Amino acid sequence: MQYFNTRNPEEKVSFKDAVVKGLADDKGLYMPESIPQLPDNFWKTITDKSDLEIAMEVIYPYVSDDLNKETLEKILAGTLSFSTPVVNVKDNIYSLELFHGPTMAFKDVGARFMSRCLGQFKSDQKVTVLVATSGDTGSAVANGFWKIDGVDVLILFPKGKVSAFQEYQMTSLGHNIHTAEVEGAFDDCQTLVKQALCDPALKAKMQLSSANSINIARLLPQMLYYFFAYKQLQEKHAGQELVVCVPSGNFGNLTAGLVAKRMGLPVQHFIAATNANDTFTDFMKTGEYNPKPSVMTYSNAMDVGAPSNFERLHDLYNKDIEAIREDISSFSVSDEETLVEIKKTYEETSYILDPHGAVGKIALEKVLKPNQVGVFLETAHPKKFDSVVEKALPDADLELEPIAAYTSSKVSIANDYNALLSILNA
Ligand SMILES: *Cc1c(COP(=O)(O)O)cnc(C)c1O
């Protein structure tokens, strides 16, 4: 399988090169040149298969030029070391809990797979992985790459704009995990990283890669939990129409679901739930894509005004808005509605939603019919966003453990490219 550049489809690279480079030189994204179909027998026997067996069948065709089955199995077993249960919230509504990994957000899946692939592909030269984060990506990447030989990680996060728990998860690991807080916003961190990745002088000196969701090795494994959810629902809901709602920011998670559907996964309809950062919801209404500056919300991992993976999604549908509308609906949800939903769901069912999952559940209920089965992705543990959850549920017990004293690895830098260069050259 080759991967093409969305901005220059003539340019094709191997899986290995797509992973090591992260981003094409012209900032295009890599996409698989074809999407394999799973055979009928796969679907007939899915409930007899283990998650690892499913994962092997789904992923192998995408990587078979560069990884043998034995290596892939090792990588996948390391990636899938925690469960992704589908939990009934009420009636025909289920929560796909993606927060049982080490950093309590779904990004653990992509980060663990990518770090293991990169560990496999690295040459003798050390690889430096750069990542900009608003919180969850940084902690998942830090955890995924921790102590992997030959890989150094530098995480840039906006000073004062990540939660204490997220900062602890990123800055307490040490070893090969370096962190810098930037005097600026998430967008500034992202700009600095992209500038470094496209700096020829720097690239001549060191091998750089990116761990943001632009990297195809984060996207591919995110298909898996859609398959696992389908498998789990077969017992009670075989043959029923399935609607899946994805709380979205950079649109990596949704794009992975759409690729899974293209492989044959029977999802009737997807819903892209957004918060006040509604660039995609607007696009679905008007057919025009107008990125805007991000605004801060309670579901802050979705505070993205220019979703990177839009380019992939658009490409997957040959830029045909009608075809996109057939598969996807999109709704934007306010902070106010998010708090009300957390409170209402807890009172009705005693299930505690995190703000991202709450956005997803609201959007799901807008279109779900009684004869369908609805799943929303619960993308983070409510503990991770306790300050918001506590606004809605001042009396609920989130079982928070206090953060113990730790040695922080972070340095502070100005929002300035030379400041970034000085730590990279140190
Ligand atoms: C990253 C993140 C999202 C958004 O996912 P995308 O793939 O960027 O659309 C949603 N919820 C949480 C908790 C996240 O960390």
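Two strands count as paired if DSSP finds at least two bridges between them. Helices (H or I, at least four residues) and strands (E, at least two) are DSSP runs, numbered from the N terminus. The structure is a predicted model, in which local features need pLDDT of at least 70, side-chain atom pairs count only at pLDDT 80 or more, and totals for chains, interfaces and linings use all residues. Residues are numbered from 1 along each chain as its sequence is written, and side-chain values use heavy atoms, with hydrogens and water left out.

β4 and β5 form a hairpin with 2 residues between the strands. In the turn, D91 has a positive phi of about 40°. Strand β4 (residues 86–90) pairs with strand β5 (residues 93–97) in the antiparallel sense, over 4 bridges. The bridge partner of V87 is S95 in β5.

An open sheet of 5 strands shows parallel pairing, in the order β9-β6-β7-β8-β14. β9 (207–210) and β14 (410–413) stand at the edges; each has a single partner strand, so one side of each lacks a neighbour in the sheet. From one strand to the next, the twist averages 25°. Angles run from 0 to 180 degrees between N-to-C directions, and axes are lines fitted to C-alpha atoms, for helices over the stretch in contact. Within the sheet, β6 (residues 127–132) and β7 (residues 151–158) run parallel and are joined by 6 bridges. V131 has I155 of β7 as its bridge partner.

Two helices pack on this sheet, where contact means heavy atoms within 4.5 Å. Helix α7 (residues 164–171) lies across β7, β8 (177–182) and β14, and runs at about 160° to β7. Helix α8 (residues 186–197) touches β6, β7, β8 and β9, and its direction makes about 150° with that of β6.

Elsewhere, helix α16 (residues 335–349) packs against helix α17 (residues 355–367) at an angle of about 85°, with the axes 9 Å apart. α16 and α17 are therefore roughly perpendicular to each other (65 to 115 degrees). Residues making the contact include E337 and I342 of α16 and V359 and I362 of α17.

Polar contacts are pairs of N or O atoms within 3.5 Å. A polar side-chain atom of D136 lies 2.6 Å from a ligand oxygen atom. For F251, a backbone N or O atom lies 2.8 Å from an oxygen atom of the ligand. A polar backbone atom of N253 is 2.9 Å from a ligand oxygen atom. Taken alone, the ligand exposes 380 Å², of which the protein buries 97% (Shrake-Rupley method, 1.4 Å probe).

How values were computed. Polar contact = N/O pair within 3.5 Å; in protein donor to acceptor, adjacent residues only side chain to side chain. Parallel < 35°, antiparallel > 145°, perpendicular 65-115°, else oblique.
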